[in-house]
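Dear colleague,

I am handing over the structure below, together with an account of what was found in it.

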Amino acid sequence: MLKFYIKRSNLVFLVSVLTALIGVVTGAQAQKGTGVSGNINGVTLNSYGNPVPNVLLVNSAKDSLTTSDVNGHFNLDSNPSRYIYFEHPAYYVKRIAFEGINPGDSLRIKLTERFLKQTENLDVLYDTVDKEEFLGSASTVYTNELTSTLAPSFIYSLPGRLTGLYTEQYRGIRNPSSSSNSNPDLIGSIPVLGNSSPSDNSEFYLNLRGQGPVTVIDGVQRDISSIDPENIESISVQKDALSSILLGMKSSRGVLLVTTKKPDVEGFEVSLTGQAGVQTPLNLPKPLPAYQYAYLLNEALQNDGNAPVYSPENFNTYRNGGDPYLYPDNNFYDKILKENAPISSYNLNIKGGSETAKYFVGLGYMNQEGHFKSSSENSYNTNLALDRYLITTKLAIQVTDDLDLGLSLFARIEDGTQPGAGVNNILSAIYSTPNNAYPIHNPDGSFGGNVSFNNNILSQTTNSGYIEDSKKDAVASIDLDYNLGRFMEGLSFSALTNISTQNRSATVRNKRSLVYEFKPGEDGEESGYSPFGALNSQVNNFVSVASTRYWYGQISLNYEKDFGLHSFKAKVLGDKYVVSLNYDLPQKPADIAGDVKYNFADKYFLEGALNYSSYNRYRPGNQWGLFYAFGLGWDIAKENFLSDAKWLNQLKLRGVYGKTGNGIDNSGYYTWRQSFQESPVTNTYLQGYSDALGNGTFENSPLANPNISWEKADKINVGVDLSLFNDKLKLTGDYYYDKYYDLLQIRGRNIALIGFDYPVENIGRNLYTGVETSITYQDNIADFNYFITANWSQQDSEVLFMDEQFKQEDYNKRTGQPVGTRFGLVADGFFNSIEEIQQNATLEGFDVQPGDIRYKDLNNDGVINQFDQSGIANTKPLSFYGVNAGFNFKGFDLSVMLQGVYNRDIYVSDNILQSGFQSIGQTYGQAYQPIINRWTPETAETATYPRLTAGGNTYNSNPNFWSTSFWVKSGDYFRIRNVSLGYTLPANFTRGFFDSSVRLFANGSNLFTSSSYDLVDPEISNFSSYPILRTISGGFNIKF
Amino acid sequence: MKSMNGKIYKLFLGLVVIVMSYSCSDDFESLPVEDFTSEFVFSTTDSLGIQAKKYLNSVYSQIEYGHNRIDQSFFNSGDYLDAATDDAISSSLDQDNAVLRLATGRYTASSRVKDEMKWGYYYKGIRSSSTFITSIDRVPLRGTVMGATGPIPLKSAWKAEARFIRALHYFELVKRYGGVPLVGDEPRQLGDDLELPRNTFEESINYIVGELDSVQDSLRVRPIANPASDGHVVTKGAALALKTRVLLYAASPLFNGGNINSENELTGYTNYDPLRWKAASDAARKFMDELTYYSLIPDFSDVFITEGNSEVIFFRQGSENSSVELHNGPVGFTAPNDGVGRTSPTQNFVETFPLLDGKEIGDTTSVYRFDPLNPYDNRDPRLDLTVLHNNSLWLNKQLETFQGGLNNPKAAIQKTKTSYYLRKFMGDFERTDNYSNVSHDWIMFRYAEILLNFAEAENEYSGPTNEVYQVLQDLRTRAGIEPGDNSMYGLQGNMTQDQMREAIHKERRLEMAFEEQRYWDIRRWKIADEVYSQVFQGLVISQSGPVLNYNIVDVLNPTFEERRYLYPIPYEEVINNDNMVQNPGW
């Protein structure tokens, strides 16, 4: 109900806002000042109309004139020069011409925040530090960079922006989860144990220096990413050991730190944003039209020595559409998917308060629709859709002089729908069903189908009922800071507790209809229809998908004191996290940690930390581990001998070493202990002639590993920060050397005689090294403010040890290769003749024909077998970059985000795309356009695909389940990830309307992609997954 | 202000206490109780053995179910193993299908046909049996059941059942690989040395036979007291039946005298010893003499679909369903009778069926004449109960397997490749309109096999004695073959040993078709090279007017090489275990 109301009200809301705007603009008048004559005074304001202190006023000759005071006021004695420049690190430089300004005028100078925010502080895990004293490696983005992408989750705006974070988007839209957390059984349901905490992220693979980062939101670990970027202050990835050491048993993985907006201003600030756009799928697979499909299937059958099934007349009938019922030609991508789908988002933020009590309120609504066609016959929505409602409130209260209290509440509801047959089923059916499989509708209007395709895809899309899924979150935190200065100067106590719950459920109201195969009557017989599939009336099932409860508590004692030039900080911290997921016994990681910082004259820095960390699902006695890290820093620019070099603002060398761990998420559910399970389905045996149910009890697989422990790592990071020319140019470089050991792997020398599956054991050793750099330059030419920031990262890895089976040849060995290197046969063109086949080594057990791929006999033993496998992927280090450039000029602003990856491989491991005509049901499945360039005797010279076969001859695709270098394709790509163009209405236009600042903008995402592999989008690895989307949107932002 | 600070201070203390007490008290057990351990399964207080029985069920569940066993997946029906012999081919469109790879030798030690060349699977079965055998002792199980010579403790019976199943797994390994490592009773743990060497073929056979001998008197006998609940259990009959099969295989040419690597003790015996045939013959004779409960039942097709008939010795439980019908039945019917015709019996197989009087096609002494235009008339009645052909009555319709006929449409779909469909194992659906649920147990041992085992072993040891003749005649009587004037059921009198061998082999092929016998028989008889050197054929029936033309066409060119008499041991097993020796040629 709420949903419909809001949807309808969107329009009303938009219209009323626009009307108000127009009224304001037309009614606006320049306000004449009434100041003291001879003097020019004024105030510097931010876009909310609140004062900005410490703005430096400079004349054309770069002489400082004055600085605005706490209330933003400034006073100029006389007309100093032609122009005055207003300078502040956080705002664009503003130029005001004095022409036309009369003495006595009161100036209202509205400053615009820089797109690339400059801050002195950095949010780190459980703390905020001065950037000067930070010794690790971090990369941070702020609100502006996040909000220029319209998407349901903030992860969409990260690619290319954060140095060291590699992203890969494998789906274009969220994956709705509607499967139950129990396995239905004949007599009830069996709980699914040991699930991982549900995550919002079902679209992106994130890789931070080779590891999956731990998301921490406002000091609490939670995988929440589907929140409005407008509510986020900053997102930072922190990659070194010291930054993550307080995560204890997850500290190896690096942190993705999300800090949401805080109640940190006095007064009243409102920001209202609305935007709407359309999303278009990029690069869908291109199926063969029916006549080509029929022709090529014939060719494939004949290549296999079988009779063709289509005649030349059939090709023509397909081509001219003369018989759409018996010879249909349906491109299901066109028939099922729409070109465009809407997305919209509205957000209202209010901040304000007094010195003793401040608040923040955020409200958000977002709607995204999928691309499935729907039918007007349904009163309900069958398309994929998402509606999200967010409410955030935060309070910061100064209870006494010594006590600060913070309260925060966050609630989220996500309601989704999808077709009853399930999004992923439909997409994979579209992908694998040939164009001529069946007519979508029969002459009598019934849904077409047959024994092999007993589910009509359109019927699955519009006529299979629907599934509603729902996600409800509530998160509440209290934190307090108590100054114990009464007892000891510099001492304070902090505590934080957070409770949150998430419930995911689904209401399944799906159904299934029969499909009918149409057979025309002969000689006066009536036409016949044969039913296939199943007729299931609509069900109404409630499914509990996940029910999760989190509790987090943290207490710490902090000490902070300066003794002259010596500055000390120390902290002792204890925390505990309790995660209760569905039926599982709670996970209870806990840490006891200490951290000490010292610096001398902001020149020499020293920091060390210890963490004694535990996890309750390891064997008792094996639950506690010690992790530690320390760092050193030296800002050379602060040395006296460089005090003359005014152009040098910072030259800091820094280094961090730490021993970190990674357990908890990778070690299963009490896997140290051999457990048994009873089931009336698995491993059961019917009893006697009555076939009565005989439950089975069996050992859970794999075998228990009583010694299982967390993985460990020795991580080193060294870096340099350079800041030049009054902080206009900033350079950062990092090098890391991370050695992971005790990695959980299944031993290679496993012997099946044990009669059970082997468990993971702490065996492997991997090395990750890399270089990361970023450069930022910001400056202005008069009013023209511009910036460019670029980052480049390179990731290299090497398997130092894995318990590898004996390998005869060096090129067979995984050890020494990059982690995860794909091994397989090396392809060497096609066989062009029988003679060539006879003269060359071939794969044992296959009937090789001309047009098949020739594989290299690496060990020259005359046969192709497992000894001829070598690493077939690119071994150069994965490299990726992002460039963000833009300007702000007279109210116009532009930002362009470019992003790219190179030295990346794609492996096409999909028989449908590789060769087509896979057996499906009782017939052959779909084929795609690339196979038109198959090998035939005539095209032997130019062929890019091997000869055709039907029914899954795997010689060319994955012989003996091995990979081959033929299917390794370059995954390099370059994208215009994002363009954002905005115009801020002149201040005097909007002054009448709460003195507001109004920005109109247009955003575009995934506007252009260039890649050498263009069958589908280069980031998509599963070709039947939801395509990547291009988004074009427009909207407004009002601040007052 | 001061008092306020004091209050806050107290509040803190309170908070700390609450937090501490929260983290100290537990709402849940410290270890997941629902994930129970061995102490619960084999409980020292469970005198009814309720949990242990469930574990035993899991041990049973690892016995393989043969119907459409190979390459079975959620989406596809699989093939019968015998579709990798000259009896049939798979209709699957999948060029990589497992039986095709088996028939054409498209496998190596590192790219094995996983569905059939199982190794670890059997060791898993062996492990769970051993876990039961070693753990059941501590369960104070009460109760007795009836054995051959009086009551036996239930605990002994259960233990014996698990030991039988373990022996069965070992035999499955031995017939595939030759001698294999015998891992003993104690389940191995993670740190144990598992680099075990293979035991010799002789040791492996002796171990299996020894196990069967020592458990046979601890097992129940048929008729079982409560067949409704216990009809599936391992009986003494099962143990003796497995023993006859093990001894028959051990005495067969592949292992006894025809060892593919004559000095290799792993691949067979290194000598020929006729007494091995005698041992096999004696074991079968003992079965026939002692276990008089078993007999051939009158109706051949009832053997497979009637639970509790007196021919069945041991079976792998299947449920009541139509799966065999739907997986192998003809295409062209409409739901719910639309089969997918996975198995295409060959023309080679169909031609093996004699005429109704038991004489070969073309034998001029037969009272029947083979009519090429009506090729299925006056044939061994088992033909119609094993194979569906053109014009067979099925689901109240005459099957049309001619080109373009209802059951052999001209379309790119999976359908018969030989114009034949499988009939065996199905319910009697000739004269019904729809399939209905039928018991589809997988019969592992039935009395007819004991007879054939006896005939074969006895003929090899003593020649074609009257007993041998009698056995064949019994089988042919039951099959419905006419006795003829001389009451010889088509058999010649005074056959030589070689002639009799051929007759027994042929009888075994027809009687035991698709029961996972032929595939192993052609190997142990060491005739696989001959069998796979012939082309597998099918029919193309073309209709011109009312006349049907039966044209024989080639459907598969199989291959064979000597190393394929035994499967390759998985490559990783040989690489990872320094003591593991690969089979010759792999």
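Helices (H or I, at least four residues) and strands (E, at least two) are DSSP runs, numbered from the N terminus. This is a predicted model, in which local features need pLDDT of at least 70 and side-chain atom pairs count only at pLDDT 80 or more, while totals for chains, interfaces and linings use all residues. Residues are numbered from 1 along each chain as its sequence is written, chains are lettered from A and ligands numbered from 1 in the order in which they are written, and side-chain values use heavy atoms, with hydrogens and water left out.

I begin with the backbone. Most residues other than glycine have a negative phi, and most peptide bonds are trans. Against that background, the peptide bond from Arg222(B) to Pro223(B) is cis, with omega near 0 degrees, and Pro223(B) sits in the loop that runs between helix H7 (201–215) and helix H8 (227–230) of chain B. In chain A, the bond from Ser701(A) to Pro702(A) is likewise cis, with omega near -5 degrees, and Pro702(A) belongs to the loop between strand E35 (696–699) and strand E36 (711–724) of that chain.

Asp742(A) has a phi of about 55 degrees, but its place is within a strand, E37 (residues 729–746) of chain A. As for accessibility, buried means under 20% relative accessible area, exposed over 50%, and partly exposed in between (1.4 Å probe, protein chains only). Asn54(A) is therefore exposed, because its relative accessible area is 55%, whereas Asp742(A), at 24%, is partly exposed.

Chain B as a whole comes next. It has 20 helices and 14 strands, and its C-alpha atoms fill a box of roughly 120 × 55 × 50 Å, taken along the principal axes. Of the 586 residues in chain B, 60% are buried. With contact meaning heavy atoms within 4.5 Å, residues 24 or more positions apart account for 71% of the contacts in chain B that have a separation of 6 or more.

Which residues have the most contacts inside the largest nonpolar core? They are Phe132(B) and Phe164(B), in a core of 169 residues, where a nonpolar core is a set of buried Ala, Val, Leu, Ile, Met, Phe, Trp, Tyr and Cys residues joined through side-chain atoms within 4.5 Å. Helix H6 (residues 154–177) of chain B gives the most to this core, with 14 residues. Apart from neighbours within four places in sequence, Phe132(B) is in contact with several residues, including Phe42(B), Tyr55(B), Leu56(B) and Trp158(B). A second, separate core of 76 residues includes Ala300(A), Phe332(A), Phe372(A) and Phe966(A).

Elsewhere in chain B, Ala103(B) lies in helix H4 (residues 98–104) and counts as buried because its relative accessibility is 1%. Leaving aside neighbours within four places in sequence, Ala103(B) is in contact with residues among them Ala84(B), Tyr532(B), Leu556(B) and Arg564(B).

Strand pairing can be followed in both chains; two strands pair if DSSP finds at least two bridges between them. In chain B, strand E2 (residues 144–147) and strand E3 (residues 150–153) run antiparallel and are joined by four bridges, with Ile152(B) in E3(B) as the bridge partner of Val145(B). E2(B) and E3(B) form a hairpin that has two residues between them. In chain A, strand E47 (residues 892–902) runs antiparallel to strand E53 (residues 973–984), and 10 bridges join them; here Val896(A) has Val979(A) as its bridge partner in E53(A). On pairing with strand E54 (residues 997–1011) of chain A, E53(A) is again antiparallel, over 11 bridges, and Gly982(A) stands opposite Phe1001(A) in E54(A).

A last point concerns accessibility in strand E32 of chain A, where Trp624(A) is placed. Is Trp624(A) buried or partly exposed? Trp624(A) counts as partly exposed, because its relative accessibility is 39%.

With best regards
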